[in-house]
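Subject: Structure for your review

Dear colleague,

Please find below the structure that I am handing over to you. My notes on it follow directly after.

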Amino acid sequence: KDPGIWPRHLREFLSEPYEIVILSNKSPQRRLELYEQKPVRPTAYLISHSGLWRAPLADHLVRFPPDLLIVDECHHAKAPGGVLSRYLAKLGKRCPRRIGCTGTFLAHSPLDAWAQSRFLDGTALSESFSVYRSRYAQMGGYEGKEILSGRDGVPWLHQGELAQRLAKLWFSCERPSLPFDVAYSTRRFDLSPRARDVCTKLEKDFALMLKDEHVSASLVITRLVRILQVCSGFIKTDDQPGRVGRVVVLDNGRAELLAEVLQELDSDERVVVFVGKFIHDLDAVRTASQLAGRRYYEISGRASQVAEWRGSPGAVLCAHVQSGSEGLDLTAARYGIFYSHQHSLATRDQAIARIARIPDASTSRTETRFIVDLTSTQDVESAVLAGLQARRDVVRSLRDAITINHYKNLTNLVNETY
């Protein structure tokens, strides 16, 4: 998304100059041609996750692997059956040196560790995910296939043992002290009577559905998304044969609150607004920005205007959280506003880290950073925000168990490759 970050860091931290080849923006065949060229000096190839496992380069890498494989944001490979995870497990067996990097290693549960560890050492935790899961999670429910740990106070199993095993494979670098404070706040608004009536009905149906112990996770997420749509002020009608569902606007309270917050800030403050899931939210943020008299830029599946935003004091960058939560340096902003929310703690943490991080010299700012959550007063949306914080407990205990102050290990390993 921002190819300037990795090349800049490689040049800054490696002990000798590297040739840097960016493959991400090339065609599949061109990627292969560039990799096949014999390098005249140490070369670093940069490629996106989605381009790594695609032919023809994917097969060639397995036959002619790199001397060192670094997987940044490796939490994207935490699903054992995912395409990226399975390919990394295959490629990892061929690469003599492997490094995984992530700021959200155990974002959801201890089960996240298995697939991320598989490409580093296929037998370090267990050769089988089902064996690993049975060892560290309490199972139950329908046919004993439901994970109970992490729900309703049910503990995870053998966490001391797991921490010891993880410490042999992973280490956590304590982040250096930030040259600024980070302040968190929440701004709330009430839905209009019309939207509140719709939302209350959906919440009641949601509560009844959760009483069914056989309800699927996918159905729970689908219903939750529908409630969060209404909390964002709209609802999409169901598609019908021969007719596409339409968007019905129910409430503008969230957009009005955003405009109010933007108007409270100094006119030259750059702002990042994160939206959770919905395209409708991008358009609402555009409208709110215009009402506040600010220029609007966007980073999403339909636009990439980070550079323009950086050069525009007082501008708003609206970042779809999937596009704006990783690989970007947004430290030009002091304010990060979550207009709407996903249920993913990992994505939220990564998004905050785009702003609350050590800034580059070109955008160095040492003033306090502000993270602002916009939320309705409806029960379910409030519970989503509370849940994002509550899910940290188990994860943090494991992180703490493998934490060491050791940045040099990583740098030395990269330097020793050549």
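At what angle do helix H11 and helix H12 pack, and how far apart are their axes? Please note that the model is a predicted one. In it, H11, covering residues 253-264, packs against H12, covering residues 279-291, at an angle of about 40°, and the axes are 8 Å apart. Angles under 35 degrees count as roughly parallel; H11 and H12 are therefore oblique to each other. Their crossing is right-handed.

Which residues bring H11 and H12 together? From H11 come Ala-255, Leu-258, Ala-259, Leu-262 and Gln-263, and these meet Ala-284, Val-285, Ala-288, Ser-289 and Leu-291 of H12. Sorted by class, this contact comprises eight nonpolar residues, two polar residues and no charged ones.

I turn next to the sheet. Six strands make up an open sheet with parallel pairing, and their order is E8-E15-E14-E11-E13-E12.

H11 touches E8, strand E11 (271-275), E13, strand E14 (335-338) and strand E15 (369-376), and the direction of H11 makes about 140° with that of E8. Helix H15, residues 345-355, likewise packs on the sheet, where it touches E8, E11, E14 and E15; the direction of H15 makes about 155° with that of E14.

Finally, is strand E15 mostly buried or exposed? Seven of its eight residues are buried, so E15 is largely enclosed by the rest of the structure. E15 pairs in the parallel sense with E8 over eight bridges, and Tyr-184 stands opposite Ile-371 of E15. With E14, the parallel pairing of E15 runs over four bridges; here Ile-337 stands opposite Val-372 of E15.

With kind regards

Conventions:
Residues numbered from 1 in each chain as written. Predicted model: local features only at pLDDT ≥ 70, side-chain atom pairs only at ≥ 80, totals over all residues. Heavy atoms only, no water. Axes fitted to C-alpha atoms, helices over the stretch in contact; angles between N-to-C directions. Helix = DSSP H or I, 4+ residues; strand = E, 2+ residues; numbered from the N terminus. Parallel < 35°, antiparallel > 145°, perpendicular 65-115°, else oblique. Left-handed = near helix turned anticlockwise from the far one by under 90°. Contact = heavy atoms within 4.5 Å. Nonpolar A, V, L, I, M, F, W, Y, C, P; charged D, E, K, R; others polar. Pairing = 2+ DSSP bridges. Buried < 20%, exposed > 50% of the residue type's maximum accessible area, 1.4 Å probe, protein only.
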